[in-house]
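Me: Please take a close look at one single part of this structure with me. I would like to see what it is made of and what surrounds it.

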Amino acid sequence: MPCEDLHAALADHAADRAHPVAPPCSCACPVRVLADRPDGTVVRHGHLVVKAHAPDAGPALHARLTAAASPGLAGIVLRPLAGAPVEASGRLLTCWPYGTPVDPAAPGAAPWEETATLLARLHQAPPSVLGQAPPPARGPEKAERALARLRNSPLRGAAREAVLAAGAAVPVPPARTGPAVCHGDLHLGQLVRDPEPGGGWVLIDVDDMGLGDPSWDLARPAAWFACGLMAPEDWVRFLSAYREAGGTAAGPPGEEWRQLDGPARALTAQIAAQALVKAEQAARPLDEDESAFVDACARMTPLPHGPALDAAT
């Protein structure tokens, strides 16, 4: 489906949901594309957003949507608007209330404690919220996909080889399910303010949510810290809040890297692989943050008792 046609379908569906009893919408509500990627396109119309999910979303998406709407995840995950997904040109469309996102221009105000608390609560949620056939959390799968895209790209050179070597050294879990409900793709772009009165921060984007190893949800903040892109005091705030809220995926204080080294290393390789492919496709150099992840891959060396992030030691 051409990009313009998909955007138009999303905009029309958003207008219908925003004004269900009105004639065809000619309102002044802001309509704009918030995200446009192969795995998800999001259009905002006033107080709601419509998302076109990836073509391969499949039945697992229904289990994830049911979980997001369940009382067990209330106040943790943004609740979708009522109504079954509709289909447009092979893509499932879902509707959500618009929530104010984290301000990327104010990194000092990033809600690290709130993020950690939400993760801890999510990891303690009963697996039954995902139904009788719970889908897997897709963190490990996303890391493998990113490395495969780099491997199959025309890009060559030392940076490519360093990233692929770093990724190959990570022990990706053989099983795609685990003991905890996990988000699967945690980063600050996955938080918004719940628009309900008095609502706090909640997680969004349930496309990768499922049962898995909860340490993978902590992997991106760990990778940012290890690569020097997250201040040490923010890392301490994040870990402390996670533990105080009952999270167990980081282990006891001072021993967090026993559980986080492997996932953090995998996320570092994933982000570096994505950066190299995107830069090659756009014919541009890496930016400063992207270079930090690629450089970290080049510094990684295995330790006698398993992989570790050299930058974290």
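Reply: Let's start on the outside of helix α7, where the face turned away from its buried side carries the exposed residues Glu233 and Glu244. Here "exposed" means over 50% relative accessible area, "buried" means under 20%, and "partly exposed" is what lies in between, with a 1.4 Å probe and protein chains only. The model is a predicted one, in which local features need pLDDT of at least 70 and side-chain atom pairs count only at pLDDT 80 or more, while totals for chains, interfaces and linings use all residues. Residues are numbered from 1 along each chain as its sequence is written, and side-chain values use heavy atoms, with hydrogens and water left out.

Now for the helix itself. α7 runs over residues 232–244, so to speak 13 residues in a row. From its first C-alpha to its last it reaches 18 Å, close to the 18 Å expected at 1.5 Å a residue. That expected span is 1.5 Å times one less than the number of residues. The names follow DSSP runs, numbered from the N terminus: helices are H or I with at least four residues, and strands are E with at least two.

Turn to the covered side, and you find Asp234, Trp235, Phe238, Leu239, Ala241 and Tyr242, which are buried in α7. They sit on the same side of α7 because they cover an arc of only 165° around the axis. The arc is taken from the directions that run from the helix axis to the C-beta atoms.

What do the buried residues of α7 pack against? Their partners are α3 (112–123), α6 (219–226) and α8 (256–282). Packing here rests on contact, meaning heavy atoms within 4.5 Å. Follow the chain just past the end of α7, and glycine 246 takes a positive phi of about 95°.

α6 is mostly covered, with 6 of its 8 residues buried. They are Ala219, Arg220, Pro221, Ala222, Ala223 and Ala226. The cover over them includes α7, along with α3, α8 and α9 (288–299). Just after α6 there is again a glycine to look at: glycine 228 has a positive phi of about 80°.

A search of the whole structure finds 1 cavity of 30 Å³ or more. A cavity is a set of points, on a 1 Å grid over the protein atoms alone, where a 1.4 Å probe fits but cannot get out, and its lining residues have an atom within 4 Å of a point. Grid points are joined across faces, edges and corners, and the volume is the space filled by probe spheres set on the points.

Among the residues lining the largest cavity are Ala219, Arg220 and Pro221, together with Trp216, Asp217, Leu267 and Gln270. The elements that give two or more residues to this lining are α4 (139–151), α6 and α8. α6 supplies the largest share, 3 residues. Sorted by class, the lining has 5 nonpolar, 3 polar and 4 charged residues. For this count, Ala, Val, Leu, Ile, Met, Phe, Trp, Tyr, Cys and Pro are nonpolar, Asp, Glu, Lys and Arg are charged, and the others, Gly among them, are polar.

Alanine 283 lies in the loop between α8 and α9, and its phi is positive, about 55°, although it is not a glycine. Most residues other than glycine have a negative phi. Alanine 283 counts as exposed, at 72% relative accessibility.

Finally, step back to the whole protein. Its secondary structure comes to 9 helices and 10 strands, and 48% of its 313 residues count as buried. Of the contacts with a separation of 6 or more, 71% are between residues 24 or more positions apart.

Methods:
1 Å grid on protein atoms, 1.4 Å probe; cavity = no way out; pocket = protein on both sides within 12 Å on 5 of 7 lines; lining within 4 Å.
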